[in-house]
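Here are my notes on the model you sent.

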Amino acid sequence: MAVKFEKTGDGAYTLDVTSYVCPHPQVYTKKALEKMASGDVLTLLFDNPSSGESIISMCESAGNELLDKNENSRGSFAWKIRKG
Amino acid sequence: MGKQSELTAIDNSAPADSWLGHKGALYAIIIVGLVTLFSMLALSVDQRFIYMLVYLWFGLVYGVLLQYGRFCMASAIRDLFAVKVPRMAVGVMIATALFSLTAAAVTAGGFSTFYPHPWGWHILIGGAIFGFGFIFTGGCATGSLYKSGEGNVGSMLVVLAISVSQAVFVMAGGLMNRLVPASWTASAAAKGMPEQLTVTNGWFDQFMAGYIWDLKGVTMAQWLGFENPVMGAFVGNALLGAILPTIAILLALYLFFFRKAYLYRARIAHPGIGDELSGLWAMLTTSKKTALAGLGLGIFAGLQMWATGALREHYQIFNFGELLEKMGYTTGLSIQGTVFDPGYWYITTQEAQWAGWALDQVGVETMDTVYFGLENGIPNPLLNAPGLMSIGIILGAASIALIRREFKWKMPNLETAVLAIVGGCLMGIGARIGMGCNVGAFFAAVTNGDMTGWAFLLGMTAGAFVGVKLFNRWIEWKLAREGDFAL
């Protein structure tokens with residue numbers, strides 16, 4: 001399953017890295033955020049919990065805001081990150 | 001929205017955030033129950049099985065701590081380079097500092113099971129290959145075990161690759177013999193080893209008998225000539241060998257990976273000493289779970305050394321093989337009557353033995369090697385003490401993952417599977433050349449005053465650095481090709 005990054009609206013993007021393990025999710029997230037403008041919101045879909053830890057740290061140090069850490073009962077995450 | 005309704009639809013028996021009262025906790029209880037049953041059964045057959053059960057139960061504890069703190073040493077180096085995140089590097093340093101103290105206490109008490117590794121270029125080379133490999137597998141050796149426990153099938157492939165690659169590597173002769181320096185062959189031949197080991201046949205046999213055995217290892221306490229064992233252990237090994245380097249590394253991590261962003265967030269333009277100290281503390285406590293896991297691992301790793309040392313004292317043995325022999329189990333012991341029995345947290349050799357045992361079962365000749373035939377043997381997996389520790393790590397991680405509702409069967413996609421196998425093979429080969437992985441050749445070494453551990457870390461860092469660069473190039477190439485990030 002390929003990685004999907006698409007613009008879903010005005011200032012809104014979705015990155016789907018489901019089924020990828022470390023360090024793919026965090027590396028793709030970094031690259032996706034680089035392509036976005038300040039204030040844009042990224043919806044990140046992944047299911048590798050360890051990557052989540054790195055992504056939290058990445059957001060904190062880069063000044064990106066982690067708006068939502070949604071997790072469904074099947075272990076899939078749908079996080080929302082606003083680029084700082 | 002979706003989250004609340006999905007959760008209540010599936011789990012009606014308890015509030016969404018309770019840890020118990022759902023299937024996961026039940027499975028966890030079943031797992032621990034079965035391990036307990038197995039233990040009681042073993043003890044009822046022969047009380048002396050306590051020696052290997054200690055390995056099993058410490059494995060369970062490690063598994064719980066590792067999963068809880070998402071403690072992966074590969075991430076420590078990899079995420080530092082790939083995404084500039086120092087979380088795990090900090091966690092590893094905390095664990096190192098603490099284990100160095102508990103290990104010193106064990107050593108001072110006379111119960112240490114540790115022997116220093118010999119110094120040589122193989123440490124840097126093995127470390128580099130190992131570090132390069134774990135960039136692509138998604139975890140180090142221990143990390144792959146705990147992630148297997150979480151249901152990650154890709155990580156199971158890594159463990160499989162580590163096992164098989166090692167077994168093949170330590171037995172490989174034929175064309176591999178051409179890559180052996182003549183000096184190794186001569187040195188190996190001169191050692192007067194039993195014929196059946198065929199030490200001049202096989203790359204790894206000659207690496208061991210013709211190169212490694214001519215090298216020496218030493219702890220800081222020994223090297224600095226401490227006569228008092230307590231001073232030697234605490235000042236020589238712990239303070240000078242581990243804690244001071246750890247502090248230096250933490251300071252470097254703070255300066256290069258944390259300080260700038262921290263001061264910016266705290267809006268401090270001209271930081272004083274107090275601000276810097278607050279910054280350091282913030283870095284240490286960024287991930288509480290990781291820090292706690294680090295503390296826990298440091299304590300239990302020391303306790304395991306003490307427990308095994310005490311049992312060796314009690315049974316008057318140097319190696320579990322002697323005990324197995326007394327208990328009537330002689331199949332699979334090395335020709336010296338030994339088995340692999342490090343006495344502390346060590347991964348990779350037991351995995352090699354699993355693969356070796358499987359190959360042995362189908363008729364492959366395994367015992368004509370130094371690695372299996374002379375040193376480690378190939379005991380039945382049910383009697384392989386450190387093997388049970390690895391299984392304990394998997395089961396412990398599974399239990400806590402189930403309780404925390406983080407267990408999930410994850411099938412790897414093709415890309416992940418290929419990377420798991422290739423990376424796992426590199427990790428296996430690197431571990432054998434470096435004589436251990438991030439646990440045995442780094443963590444256990446530096447915390448026991450064996451400075452080869454820092455050399456192995458250096459090797460891993462170099463290999464990982466190259467690995468991350470290659471990984472990034474490859475991601476860029478994929479993105480350009482598939483136009484995924486085009487927009």
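1. Order of elements in chain A. Read from the N terminus, chain A runs β-β-α-β-α-β-β. That gives two helices and five strands. Keep in mind that this is a predicted model.

2. Burial and contacts in chain A. Of the 84 residues in chain A, 45% are buried. Take the contacts in chain A between residues at least 6 apart in sequence: 55% of them join residues at least 24 apart.

3. Make-up of chain B. Chain B has 22 helices and zero strands. Its C-alpha trace spans about 70 × 55 × 55 Å along the principal axes. The radius of gyration is 23 Å, which agrees with the value near 23 Å for a compact globule of 487 residues.

4. Burial and contacts in chain B. Buried residues account for 54% of the 487 residues in chain B. Among its contacts between residues at least 6 apart in sequence, 78% link residues at least 24 apart.

5. The interface. How many residues of chain A are in contact with chain B? There are 29, and they meet 31 residues of chain B. On the chain A side, the elements that give two or more residues are β1 (4–9), α1 (24–34) and α2 (49–62). The largest share comes from α2(A), with seven residues. By residue class, the chain A side divides into 11 nonpolar, 10 polar and eight charged.

6. A buried helix in chain B. Is helix α4 of chain B, residues 73–83, largely enclosed or open? Count a residue as buried if 20 or more other C-beta atoms lie within 10 Å of its own. By that cut-off, 10 of the 11 residues of α4(B) are buried, so the helix is largely enclosed by the rest of the structure. Charged residues are on the buried list too: B:Arg78 and B:Asp79. The buried residues also include B:Met73, B:Ile77, B:Leu80 and B:Val83.

7. The end of that helix. B:Val83, in the helix itself, is buried.

Definitions and conventions
Residues are numbered from 1 along each chain as its sequence is written. Chains are lettered from A and ligands numbered from 1 in the order in which they are written. This is a predicted model: local features need pLDDT of at least 70, side-chain atom pairs count only at pLDDT 80 or more; totals for chains, interfaces and linings use all residues. Helices (H or I, at least four residues) and strands (E, at least two) are DSSP runs, numbered from the N terminus. The radius of gyration is taken over C-alpha atoms; the globule rule is 2.2 Å times the number of residues to the power 0.38. A residue is buried if 20 or more other C-beta atoms lie within 10 Å of its own, exposed if 12 or fewer, and partly exposed in between; C-beta atoms are placed from the backbone. Two residues are in contact if their C-beta atoms, placed from the backbone, lie within 7 Å.
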